[in-house]
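Please view the sequence and the structure together before reading the points below.

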Amino acid sequence: MSDDVNRLAESERLHARVRDFAEQSLGASGSSESFEALAADIARFQGSAFGVNPVRALALPPTVVDAFRAADVFCFPKAEARETFLTSGTTASQSGKHHFRTTETYQRVAQLWGERALLRVGAAPTRVLALMSPPQVPRRSSLGFMAEHFMRIFPGSGRTEQDHAARWLLRSDGVDLEALRKQVELALRAGETVHLLATSFALVMLLDALAGEELRLPAGSVVMPTGGYKGRTREVAAEELKRALLATFGEVAFVSEYGMTELSSQLYEGTLPGGALRAEPGVYLAPPWLRVLALDPVTFEPLPMGEQGIAAFIDLANVDSRLFVVTQDLIRVSSAGVRLFGRRPRAPLRGCSLAVEALYEGRERAPSSEVEIARDATARGSAASEPSTRAVVSVRDDVAACSRVQRLLEVAATIKDPNTELGQRARQRWAASLGLSSQAIELGLSCLESAVGPEQIAAFCARAPRAPRVWTILSANVFVAPLRAIAWAVAASERVSVRASRRDPVLADLLHEAVPHLFDLVSEITPRAGEQVHAYGSDETMSTLLATLPAGVELWAHGSGMGIGLVLNADSPALEEAARGFARDAVLFEQRGCLSPRVIGLHASVQSESFVRALVDALSRWGEQVPQPELGVEERADRNWYVNLARNAGDLHDLGPAGSVLFQRTRTEPLVAPPGRHLVVFSDADPLARLGAFESLTTTLGVAASPDELLRLQHVHAGVRVTAPGRMQQPRFDGPVDLRRSNDPANSAC
């Protein structure tokens, strides 16, 4: 008998045991076997699929939810998958997948707990409506699958397929209000209540569509909100949403559901009057076959009851996928149930150029005012922007701008010199405030632009967009970056105000001390129409600025970006040279800048094992030469999450403080590691095409290729810096470090 047949037979036995456990656990006498024993057997079954032998469920390595996107996480031949549910996701362009060999257990446990949460004792007839898109064939939404199941098993009228098809109320153009009104009328005629199942954002869409109109639901109706807003532009607080829906629907009951594609079980609030579950609003109750734990985000160790941590689930119904699943949601578990506190702050891509499209999750939404239209044009690099102001800049202005930049660079040269008083103070302050080693500081200072010729300075100033005043907001990602940011500002205007980073004000402070007439240091910005704001930092900062800047202020936003590596053709010596270069680029500034390489694509002809080995060796040597600074709690949590994910996606070489190298074997979209010397490598016949999902984020291509291929890439990718490995962090002094959308300053967002 083959292993697949044995595994299938064991899976069937475990599924039957889980269904029996679920049914018995809700009975008066409880289950005949313990949760721990059943979980341990499922853990051993799943452990055999990936080479571990856990003796209990918590001994099984936890699986982060992102693994469902990056790898195949199931214990059966893929051809036997009956249903595949896709995650909706928040930022990843590729959905996660949860494959089900059978949905019998999923349906049974969803029914058992859903009836207790959503139906009153002695359930009256009800009409289940879904404020969701109609089911696809094949099905793609686990929530839609559950809603469809409830339509069939909850007591009520209208059992034909045609009747069920009419209960899906979300269309491509929005909410189908006429269908909703008709279904409510049918429920009233039949003496039924209504159960309206919907995502939170869909309910907001419904309120927008009704525009204040009342739509009374039958007495005793229930609204089941689920899920967050997935980064959408409109977000409404839960209590505000509830008040608005009560004003629209009348006195209905609200029972929120918490679930996810990666689980087979759901949690509910116990807020239904007359229902079997009772708990305070905001407290979610898990069924007996689902164990909920709060984990320390750094160690993944369970926390004591009552402490806040990231949510982990031991879901017995996940027989064929992953029993022990960890999410980024923050929770607190007590004897009363589970409270949610949003998502753990995650380290986003950080850097010094913004993919402005990422700020507009609601980009299909038309601007609501002339002010917003103007901001859209500025932020998107719209062709509708005003003509370039370069045409009215005089020769005298150019000379003055070059003089200001030249003076700034002269001070930078003084700071770069370890024998000067300014240079010594800078090093002392960086070591104290950023925890950098002397080696890391000297390596970073090698990228500080100081020896720049007059021709480059003239070209730099000619490219700068002029303004009567420039306000510059600095970040702390790259400790030498303030020099170019301030130079870009003083090239654009003789009136410059700089808000330094609170975490790292060192370079801005020392530059201002030496040349106070070139710019002011301010604690807040107060721009007016016609002035510019140059902002560096997170996408959240850029979003806030875009929403709050006065009309007529031009925003040059510098947010998310990253470097990409390519090895297209190389022999062994060239492979080692490329690996050394990429390692240096990653160690510089601990991958916190927008030029830092994060992913390296190899052409299929390249010896991937040789390259990975050379990259591991190079990072290891850098780890000895330049110690990594101590990571903060959130950074350690990000690293732990990534390492867990990477182990599901390929061959991970974890070098501890020296970083890591992942050779990603899964054919999914390449992973992007957090900052901290982590490089993801993959091989493909067309690696650049596979990196297409990162096109808007790519600032720099570090390319190991023939001179002809390098020239071709420079021509094709005009808005991206193309350079050799080892030079990615030292761009020419010809404008902002990020050249995306900056060929015409008037149409630039960076």
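A polar contact is a pair of N or O atoms within 3.5 Å; within protein, one atom must be able to donate a hydrogen and the other to accept it. The model discussed here is predicted. The points below begin with the surroundings of one glutamine, then turn to nonpolar cores and salt bridges.

- Strand S25, which covers residues 660-664, contains Gln664.
- With a relative accessible area of 3%, Gln664 is buried, because buried means under 20%.
- The side chain of Gln664 reaches the backbone oxygen of Glu669 at 3.2 Å.
- A polar contact of 3.3 Å also links the side chain of Gln664 to that of Thr666.
- Beyond its neighbours within four places in sequence, Gln664 is in contact with several residues, including Ala649, Gly650, Pro670, Leu671 and Phe682.

**Nonpolar cores**

- The largest nonpolar core has 90 residues, of which Leu118, Tyr268, Trp289, Phe313, Leu316 and Leu323 touch the most other members.
- Helix H4 (residues 104-118) supplies the largest share of this core, seven residues.
- Leu323 is in contact with Ala39, Ile42, Leu60, Phe313 and Leu316, among others, when its neighbours within four places in sequence are left aside.
- A second, separate core comprises 81 residues, among them Leu408, Ala412, Val515 and Val626.

**Salt bridges**

- The count of salt bridges comes to 41.
- Arg425 and Glu421 form one of them through their side chains, at 2.6 Å from N to O.
- Arg425 and Glu421 are four residues apart in helix H12 (residues 421-434), so about one helical turn separates them.
- Arg425 is partly exposed at a relative accessible area of 25%, and Glu421 is partly exposed at 47%.
- The side chains of Arg665 and Asp651 meet in a salt bridge of 2.5 Å, N to O.
- Arg665 lies in the loop between S25 and strand S26 (678-684) and Asp651 in strand S24 (residues 650-654), so this pair ties together parts that are 14 residues apart in sequence.
- Asp651 has a relative accessible area of 32% and is partly exposed.
- Within helix H22 (residues 707-716), Glu709 and Arg712 are three residues apart, which means a separation of about one helical turn.
- The side chains of Glu709 and Arg712 meet in a salt bridge of 2.8 Å, N to O, and Arg712 is partly exposed at 42% relative accessibility.

Note on methods
Residues numbered from 1 in each chain as written. Predicted model: local features only at pLDDT ≥ 70, side-chain atom pairs only at ≥ 80, totals over all residues. Heavy atoms only, no water. Helix = DSSP H or I, 4+ residues; strand = E, 2+ residues; numbered from the N terminus. Buried < 20%, exposed > 50% of the residue type's maximum accessible area, 1.4 Å probe, protein only. Contact = heavy atoms within 4.5 Å. Core = buried A, V, L, I, M, F, W, Y, C linked by side-chain atoms within 4.5 Å. Salt bridge = Lys/Arg side-chain N within 4 Å of Asp/Glu carboxyl O.
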